[in-house]
Amino acid sequence: MQRRTFIQNTGLLTAALSTSGPDLLATAKPATLAKNKLPKWKGFNMLDFFSPDPANSRPATQEDYFNWMQDWGFDFVRLPMAYPAYLKFDRSRNITPDEVYQIDVQAVDRIDALVAMAHKHNLHVSLNLHRAPGYCVNAGFHEPYNLWTDQAALDAFCFHWNMWAKRYKNVSSQKISFDLLNEPSMRVDMNDQHSKHSTVPGDVYRKVALAASEAIWKENKTHLIIADGNDTGSSVIPAIADLNIAQSCRGYNPGIISHYKAPWANKDPDHLPEPKWPGQVGDKYLSRAMLETFYQPWIELVNKGVGVHCGECGCWNKTPHAVFLAWFKDVLDILSSNGIGFALWEFVGSFGILDSGRTDVAYEDWYGHKLDRKLLNLMLKA
């Protein structure tokens with residue numbers, strides 16, 4: 001961290017503590033409590049339960065991965081989960097609203113085991129519903145209703161979060177948090193990720209976030225809750241700033257850098273202008289200044305006393321490595337210098353520090369994996 005703002009005034013400290021989970025700040029001291037009410041966690045997203053179909057899940061996380069993270073100095077993992085991954089139902093057809101409640105106990109136990117493994121290595125775990133009943137930023141599974149408009153979907157959403165809160169009822173907020181919904185937005189067709197998007201109205205976002213939070217706090221009033229930014233994670237949510245809910249931004253701006261040629265993010269991925277950083281790309285000049293503008297509302301949110309973390313960041317492997325590192329250096333510097341932590345999407349894979357499949361990286365052999373040492377070093381310096 002290059003600079004850090006400290007809260008030294010006793011009144012400010014008291015106010016900060018009164019709106020934060022007591023476990024999370026139990027070890028904080030008046031002379032060292034940063035404005036950001038969330039720790040500056042650094043880590044990774046782990047994708048074991050990311051797919052709605054367990055048959056298509058990623059290879060299971062190995063304990064060595066958590067051991068390496070701990071040794072390198074990371075302290076955070078986010079688990080983006082698709083709720084169908086831990087359900088029992090007939091996968092040969094579309095799920096019904098009743099089946100959304102059919103929990104597969106063995107699947108949930110596997111998630112518990114991964115959480116326990118991360119805790120063994122002193123990593124904070126943030127559980128996230130990447131796919132929730134009635135909403136996902138991605139297609140690939142047919143939702144039976146709309147989270148933003150249908151009470152049945154909201155009831156199911158609250159059911160799932162109450163279940164997770166109950167399972168971790170006695171776990172400290174220093175060790176676990178609950179990230180409500182990945183990258184929310186309004187969408188014309190809930191099952192077409194390329195259909196028209198718009199901002200979730202503030203009152204609607206507040207209703208959904210508050211209902212889920214109350215389902216979580218019913219089990220433990222000190223549970224730590226995080227809400228992803230509006231407009232698929234990019235915009236702060238003023239409508240919930242008065243609630244005891246932290247907010248999560250993204251490190252993907254601009255998409256022409258982070259998702260260059262990604263077919264799930266571009267309708268015509270083969271005809272995109274070549275990314276540069278800084279430089280003219282298409283009709284825009286890309287530079288650190290645009291990042292400063294993009295993150296300013298998030299920095300202001302921190303200064304208003306709302307906890308902020310960057311739950312996802314990184315770059316797909318088709319962006320030239322030198323361009324990626326130059327851009328990511330600016331992203332991490334802006335976040336870190338304002339006390340905002342981050343989690344790379346992902347650890348192993350096309351966005352990761354291991355086995356990314358980039359063709360322009362001088363990889364280091366790491367216990368049978370290909371390590372992007374330059375990316376790792378950049379993250380460690382943030």
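A salt bridge is counted here where a side-chain nitrogen of Lys or Arg lies within 4 Å of a carboxyl oxygen of Asp or Glu. In this predicted model, Arg78, Asp179, Glu183, Asp228, Arg250 and Glu312 are joined in a network of such bridges. The structure as a whole holds 18 salt bridges.

**Salt bridges**

- Arginine 250 and glutamate 312, both members of the network, meet through their side chains at 3.9 Å, N to O. Arginine 250 belongs to strand β9 and glutamate 312 to strand β12 (residues 308-313), so this bridge ties together parts that are 62 residues apart in sequence.
- Arginine 250 counts as buried because its relative accessibility, 3%, falls under the 20% limit. Glutamate 312 is likewise buried, with a relative accessible area of 4%.
- Arginine 288 forms a salt bridge with aspartate 330, and the closest N and O atoms are 3.3 Å apart. This pair links distant parts of the chain, since arginine 288 is in helix α8 (residues 288-303) and aspartate 330 is in helix α9 (residues 321-337), 42 residues apart.
- Arginine 288 is partly exposed at 27% relative accessibility, whereas aspartate 330 is buried at 14%.
- Aspartate 242 and arginine 206 meet in a salt bridge of 2.7 Å, N to O. The two residues are 36 residues apart and lie in distant parts of the chain: aspartate 242 in the loop between α6 (230-233) and β9 (246-251), arginine 206 in helix α5.
- Aspartate 242 is exposed, with a relative accessible area of 58%, while arginine 206 is partly exposed at 27%.

**Largest pocket**

- The largest pocket has a volume of about 970 Å³. Its lining comprises 39 residues, of which Asn138, Glu183, His259, Trp264 and Ala265 are the closest to the centre.
- β3 (124-132), α6 and α7 (255-258) each contribute at least two residues to the lining of the largest pocket.
- By class, that lining divides into 15 nonpolar, 17 polar and 7 charged residues.

**Enclosed cavity**

- The model contains 1 cavity of 30 Å³ or more. The largest cavity has a volume of about 50 Å³.
- The residues lining the largest cavity are Trp148, Phe157, Leu180, Leu181, Pro184, Tyr205, Val208 and Ala209. By class they comprise 8 nonpolar, no polar and no charged residues.
- Helix α5 (residues 202-217) supplies the largest share of this lining, 3 residues. Helix α5 also carries arginine 206, the partner of aspartate 242.
- Phenylalanine 157, one of the lining residues, is placed in helix α4 (residues 151-167) and is buried at 1% relative accessibility.
- The C-alpha atoms of phenylalanine 157 and lysine 370 are separated by 39 Å, and the two residues are 213 residues apart along the chain.

**Helix α8**

- Helix α8 has 16 residues and spans 21 Å from its first C-alpha to its last, close to the 22 Å expected at 1.5 Å a residue.
- At tyrosine 295 the helix α8 bends by about 40°, and proline 297 follows within four residues.
- The buried residues in α8 include Leu291, Phe294, Tyr295, Trp298, Ile299, Leu301 and Val302. Tyrosine 295, the site of the bend, is therefore a residue under the 20% limit for burial.

**Backbone geometry**

- Most residues other than glycine have a negative phi, and most peptide bonds are trans. The residues below depart from one or the other pattern.
- The peptide bond from asparagine 253 to proline 254 is cis, with omega near 0°. Proline 254 is in the loop between β9 and α7.
- A cis peptide bond also runs from tryptophan 277 to proline 278, with omega near -15°. Proline 278 is in the loop between α7 and β10 (279-281).
- Lysine 261 lies in the loop between α7 and β10. Lysine 261 has a positive phi of about 65° although it is not a glycine, and is partly exposed with a relative accessible area of 35%.
- Asparagine 122, in the loop between α3 (105-120) and β3, has a positive phi near 60°. Asparagine 122 is exposed, with a relative accessible area of 57%.

Methods. Residues numbered from 1 in each chain as written. Predicted model: local features only at pLDDT ≥ 70, side-chain atom pairs only at ≥ 80, totals over all residues. Heavy atoms only, no water. 1 Å grid on protein atoms, 1.4 Å probe; cavity = no way out; pocket = protein on both sides within 12 Å on 5 of 7 lines; lining within 4 Å. Points joined across faces, edges and corners; volume = space filled by probe spheres on them. Nonpolar A, V, L, I, M, F, W, Y, C, P; charged D, E, K, R; others polar. Buried < 20%, exposed > 50% of the residue type's maximum accessible area, 1.4 Å probe, protein only. Expected span 1.5 Å × (residues − 1). Bend = angle between axes of the 7 residues up to and from the residue.
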